[in-house]
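Visitor: Hi, I'd like to talk through this model with you. Can we start once it's on screen?

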Amino acid sequence: MYRYDEFDQQFVDQRVTQFREQADRRLRGDLTEDEFKPLRLMNGLYLQLHAYMLRVAIPYGTLSSRQLDRLAEISEKYDRNYGHFTTRQNIQYNWIKLEETADLLADLADVEMHAIQTSGNCIRNVTTDHWAGAAADELADPRPVAELIRQWSSLHPEFSFLPRKFKIAVTGAPADRAAVKVHDIGLRMHLSESGERGWEVIAGGGQGRTPMIGVTVREFLPEKELLPYLEAIMRVYNLHGRRDNKYKARIKILVHEIGADTFRDEVEAEYARGSEIDIAVSQRELDRIAAYFAPPQFEELPNWSPRNEEHKATNKEFAKWVRSNVAPHKQDGYAIVNISLKPEGGIPGDATADQMRTVADLGRRFSFDEIRVSHHQNLVLPHVRQEDLFDVWQILSAADLATANVGLASDIIACPGLDYCALATARSIPVAQSLSRRLADVERQQDIGPLRINISGCINACGHHHVGHIGILGLDKKGEEFYQITLGGSSSEDASIGKILGPGFAGEDVPDAIETIINTYVGLRQPDETFLSTLKRIGAQPFKEALYETV
Amino acid sequence: MTTKELGKILTANRLSDGEVVFLTRSAAWSERIDDAVLSIEPQSQAALQEKGELAEAGNLVTGAYLVEAERVNGYVRATHIRERIRTLGPTVRIDLGKQVEGTGGAFAARG
Ligand code: SF4
């Protein structure tokens with residue numbers, strides 16, 4: 001894992017001191033709210049419905065056990081014994097006091113963490129594949145590049161006041177688990193015929209009120225050119241992005257308004273102009289960063305564990321969990337363990353302090369001290385010996401963390417919605433809860449196959465409803481919550497934006513509606529067809545007919 | 001007999017900890033919606049808004065705004081679900097917030 005150097009630590013510590021002074025001045029009345037608000041937002045502190053909310057950055061979703069332990073401790077010391085893992089691989093605390101925030105930030109800095117650039121019109125926390133460094137299909141670990149981008153974009157003076165927030169995602173695998181096509185910039189690793197590493201640069205994707213799929217600006221950019229090229233994109237955006245209307249200020253609108261070709265030409269022209277300062281990174285520096293992400297000391301093991309097979313054969317629950325939650329690892333004898341934070345009737349992404357400690361401890365004992373946060377709001381133990389899977393499962397089960405639904409219908413993404421969020425138009429968590437109860441049967445879910453149900457509590461789309469295979473958007477209709485359903489979204493390599501099916505539903509009718517959609521698919525699918533491929537083949541009409549006739 | 005009055009109350013978040021508070025008859029801030037002064041006439045609502053601005057300037061609270069509410073048999077309830085959730089706490093964590101801290105008022109968030 002990356003370790004802070006002197007510079008990193010100094011700047012994080014300085015920021016804590018700065019914020020402490022700013023908060024004190026605000027509490028004394030020396031700063032007005034208008035003066036203070038941008039300062040607190042620069043440090044991830046929002047004011048939500050019930051209290052202040054702090055969003056803590058988890059760079060590219062990677063945590064050490066010590067860090068996760070600290071996140072648990074913080075939830076006990078400053079919050080109410082839990083935290084909420086978000087779709088940006090971050091964690092949010094919901095009950096924070098302004099007068100205690102500086103102490104909290106100091107506790108974070110102590111474990112090389114902070115809340116900087118988790119808000120505001122800057123380059124936000126870089127996200128990546130939660131299986132990075134472990135996935136069997138990966139070309140290479142994308143995290144060194146994610147770290148490089150983190151260093152470049154942290155406190156970048158030129159890009160601290162962009163027209164709007166800016167999100168970058170990176171993937172090193174052909175299967176896109178980082179949703180790179182729906183980010184402001186998405187980077188996808190490719191290998192040339194000679195084995196040289198390069199990046200496909202995708203720009204102008206995004207969700208929110210105007211969802212768009214990004215366009216490829218460069219098919220193959222040699223790795224060493226990455227930062228200068230990103231800088232060229234940022235400059236074009238900074239110059240031409242709209243600042244007159246915040247709903248039209250994201251880069252996706254710029255790309256859409258001037259067209260992909262013109263945008264590409266602008267970027268290439270800017271890139272050709274070059275920069276006064278050469279920010280291209282030397283191979284030595286890249287290698288230095290990459291060394292932090294060197295694979296752990298794996299044992300030489302056969303890719304088959306008799307102990308694991310035996311437990312699967314004798315314990316049905318364990319076998320179901322392995323089938324849903326365990327993914328193949330690039331190293332023989334190892335596996336990736338996905339920990340669902342979506343128990344039946346639970347709140348998606350929430351984990352108690354005790355659960356965080358359990359996972360931190362499992363990381364320490366079974367996964368080389370590494371934990372990941374996925375944008376699906378789950379946790380991951382990236383490097384577990386197949387031999388140890390049963391022990392891990394038993395410990396997870398005892399902590400109510402062994403729900404066998406990863407990637408299945410009840411692995412629902414849901415934003416905090418109106419239960420917490422000041423911008424919400426409707427609640428999203430209760431809808432997720434009732435759906436997860438309705439869909440709880442794991443065998444049925446496994447039969448249904450991979451299915452992403454995503455729920456947002458307003459058009460800002462933090463719950464990624466646009467890219468849910470089934471998307472649910474909560475709206476306010478004359479003071480009543482109602483829910484719009486979309487079909488056919490995807491955030492993977494086949495990214496697409498879901499289309500609205502028809503009139504919306506009251507919250508209590510949503511489970512029936514989703515059930516009807518699922519049953520329609522199951523009734524009409526051909527062997528081996530997924531939900532999305534059936535939808536592609538038959539179109540939305542059969543779903544519309546089933547839905548609006550029966551509900 | 002049920003008595004029901006419609007009007008507006010002034011709410012804000014306390015600066016120090018973000019707690020949801022309501023302006024009371026004696027111009028203090030209470031954590032309980034039932035203590036809120038309900039103003040029925042537009043003129044007194046404007047006065048309420050002014051008090052909010054003053055309180056913000058005094059750095060006790062932040063983000064003061066008027067919300068629609070009704071008083072039923074002496075108890076106050078916000079009209080919109082968003083404000084009812086602020087009054088009580090998350091509907092999905094009924095073990096948290098005003099609803100368990102004894103400051104939730106007499107009404108549930110739903111209904
Ligand atoms: S989608 Fe809307 S309701 Fe949900 S967290 Fe984002 S801003 Fe809040």
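**Strands, helices and a ligand**

Guide: Let's begin in chain B: in strand 2 of chain B, B:Val21 is the bridge partner of B:Ala12. This is a predicted model, where local features need pLDDT of at least 70, side-chain atom pairs count only at pLDDT 80 or more, and totals for chains, interfaces and linings use all residues. Residues are numbered from 1 along each chain as its sequence is written, chains are lettered from A and ligands numbered from 1 in the order in which they are written, and side-chain values use heavy atoms, with hydrogens and water left out.

Visitor: Over how many bridges do strand 1 and strand 2 of chain B pair?

Guide: Three, in the antiparallel sense, with strand 2 covering residues 20-23. Two strands pair if DSSP finds at least two bridges between them. Helices (H or I, at least four residues) and strands (E, at least two) are DSSP runs, numbered from the N terminus.

Visitor: And what's in the turn of that hairpin?

Guide: Five residues lie between strand 1 and strand 2 of chain B, and B:Gly18 in the turn has a positive phi of about 80°.

Visitor: Which residue stands opposite B:Lys4?

Guide: B:Val72, in strand 4 of chain B. Strand 1 (residues 4-14) and strand 4 (residues 61-72) of chain B are paired antiparallel over 10 bridges.

Visitor: Switching to chain A, what's the strand order in the open sheet of five strands?

Guide: The order is 3-14-15-12-11, with antiparallel pairing. Strand 3 (62-64) and strand 11 (326-328) of chain A are at the edges with a single partner strand each, so one side of each has no neighbour in the sheet. On average, neighbouring strands of this sheet are turned by 30° against each other, direction ignored.

Visitor: What packs on it, touching strand 3 and strand 14 of chain A?

Guide: Helix 3 (residues 65-77) of chain A does, and its direction makes about 90° with that of strand 3 of chain A. Contact here means heavy atoms within 4.5 Å. Axes are lines fitted to C-alpha atoms, for helices over the stretch in contact, and angles run from 0 to 180 degrees between N-to-C directions. Helix 13 (residues 389-398) of chain A lies across strand 11, strand 12 (334-339) and strand 15 of chain A, at about 10° to strand 12 of chain A.

Visitor: How about helix 5 and helix 9 of chain A: at what angle do they cross?

Guide: Roughly 110°, and the axes of helix 5 and helix 9 (residues 283-292) of chain A come within 9 Å. Helix 5 of chain A is therefore roughly perpendicular to helix 9 of chain A. The cut-offs are under 35 degrees for roughly parallel, over 145 for roughly antiparallel, 65 to 115 for roughly perpendicular, and oblique for the rest.

Visitor: Which residues make that contact?

Guide: A:Pro144, A:Glu147, A:Leu148 and A:Gln151 come from helix 5 of chain A, and A:Glu285, A:Leu286, A:Ile289 and A:Ala290 from helix 9 of chain A. By class they are five nonpolar, one polar and two charged. Ala, Val, Leu, Ile, Met, Phe, Trp, Tyr, Cys and Pro count as nonpolar, Asp, Glu, Lys and Arg as charged, and the others, Gly among them, as polar.

Visitor: Last one: which residues are around the ligand?

Guide: Among them are A:Cys415, A:Cys421, A:Cys458 and A:Cys462, where near means one of a residue's heavy atoms lies within 4 Å. The shell has eight nonpolar, three polar and no charged residues.
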